[in-house]
Amino acid sequence: LLVFTSTFSSLYSQFTIQPFVASPTGVKGVYLNKSPGIRFGRAYSFENRWRIRFLGSLSYFIPRKRVFKVYGVEESNTTTFYQGTKSIKLFLNIEFSPGLDIKIIEKGLFSWYAGFDVPIGANTSVNEVNIPHIQSSRESILAIYIGFRGRTGIEYEFDAYTLFLEIDRTYSMGSETFTMNYNTLGIGITF
Amino acid sequence: MKKTLLYFLILFTFFSCKKNKSKYEDYFPELTMTSVILPDGHLQLNCSIKGEEYWPLTHYGFSYNDSSDVQINDNQVIVNPTSEKAFTHIFPKNFHPNKAYFFKAWVTNEAGYAESNIIEINHVMTTDVTPPCSNANNYFQYGSYTGSTANSPAFSSTNSDGIKFEISCTNSYKIIIQFTETPSTGIYDTNEETSFIFPYNCVIWVSSYNGLNYHTDKVNSNQLVFVNKNIDGTGTIELCGLTTFDNKTLTTKFSF
């Protein structure tokens, strides 16, 4: 993220920082709670209603419970289901997302915009799984994904600063095991 | 054009959004199980499924054990649902009348599994089963040979493959019946395999010795074995014209 930020620091752009709350959806949403994250990077000013942004983000996802009930299946002559438990010890998500915004309405110092990103991300998790007869292990998983993010927000300009409130939806391509689908609500400042 | 595409992508993104459940438990349905002892002594368990399903259910089952800490793999029976919101199973009378059993129902979905309430059932009623033939005790007929069995054979062995009876008969015949577990009153199905599919199968062999060699014949699968057992552990086993691999029939009744 630091390399990425410094790469664009020479361009005619402003620094943006945006804390947010992320709500994972899909299978990961079963296990992970609403969690904090932060985006920061560079954003150009609107020019002919368009602007480009290059942001990075880091999210620390908190599990919904300490222990989850999971099952394993043993296939031999017959199929047998075994009950077990799973604990998520760590779940971190990191992303780089270039994107484009369009200003839809401008009213005084306020404006309403929408945009999209193409996030490229990686999440790392550490899980402890214990299913008697099937699996008993501590596993680390690194998953890399690419996706699409749609967003909309309102911003307020004052002096050399811009305050903004934004919601977005990130949808990743691929199987649920490796993707990261989530919604966020964040408030940020560009300066 | 660029603007239209952008709006389309944004709308698609937000409309593809699926709202999260507020609690982990909300991702699973609520199961309620009830039990009924049928007039013929069989135990029927019924499970109803309540709640909106976030993901489709993939498997439905019942489990039981003689401990209240029943696990889903304990004596597991996987069933098909009778409707979108219910599934049921009738257990044969394969329970010991002096024991307590703990039952629970469960379902699985992509995220995990849900369990029902646990029901404790004591003294499962076991009414006698009536075979289609009527023979005197110790009667033995195999193919064209008719003789008798020895009195009161005992369990000859107990191992991981189950409980085995060895019954000596006249003219050097021997019947071997191997059950998955100690049989109770009920009607069992025969099985060709020695690796059992729990819980209601047994395997039956008939061997004969001609003074030089033993010849072993096996009863074909999916035939009925009638067991009537008393509270003191004694009982009778009756076979009525079961067919074998050697195209013979086996009829016998013996007590244990």
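User: Hi! What share of the 256 residues in chain B is buried?
Analyst: Hello! Buried residues account for 46% of the 256 in chain B, where buried means under 20% relative accessible area, exposed over 50% and partly exposed in between (1.4 Å probe, protein chains only). This is a predicted model, in which local features need pLDDT of at least 70 and side-chain atom pairs count only at pLDDT 80 or more, while totals for chains, interfaces and linings use all residues. Residues are numbered from 1 along each chain as its sequence is written, chains are lettered from A and ligands numbered from 1 in the order in which they are written, and side-chain values use heavy atoms, with hydrogens and water left out.

User: How many helices and strands does chain B have?
Analyst: Chain B has 1 helix and 19 strands; these are DSSP runs numbered from the N terminus, with helices being H or I of at least four residues and strands E of at least two.

User: Switching to the interface: how many residues are in contact between chain B and chain A?
Analyst: On the chain B side 39 residues are in contact with 38 residues of chain A. The buried area between the two chains is about 3,100 Å², with carbon and sulfur atoms giving 64%; that area is the accessible area (1.4 Å probe) the two parts lose on being put together, summed over both.

User: Nice. How many salt bridges are there across that interface?
Analyst: The rule finds 2 between chain B and chain A, taking a side-chain nitrogen of Lys or Arg within 4 Å of a carboxyl oxygen of Asp or Glu. One of the salt bridges pairs Lys65(A) with Glu25(B), whose closest N and O atoms are 2.7 Å apart.

User: Which elements of chain B give two or more residues to that side?
Analyst: They are α1 (2–15), β6 (100–108) and β7 (113–115) of chain B. α1(B) gives the most, with 8 residues.

User: Last one: what is the average pLDDT of chain B?
Analyst: Chain B averages 81, and 78% of the residues score at least 70; pLDDT is the predictor's confidence in each residue, from 0 to 100. Residues 194–200 of chain B fall below 50. Where pLDDT is low, the predicted coordinates should not be read in detail.

How values were computed. Contact = heavy atoms within 4.5 Å.
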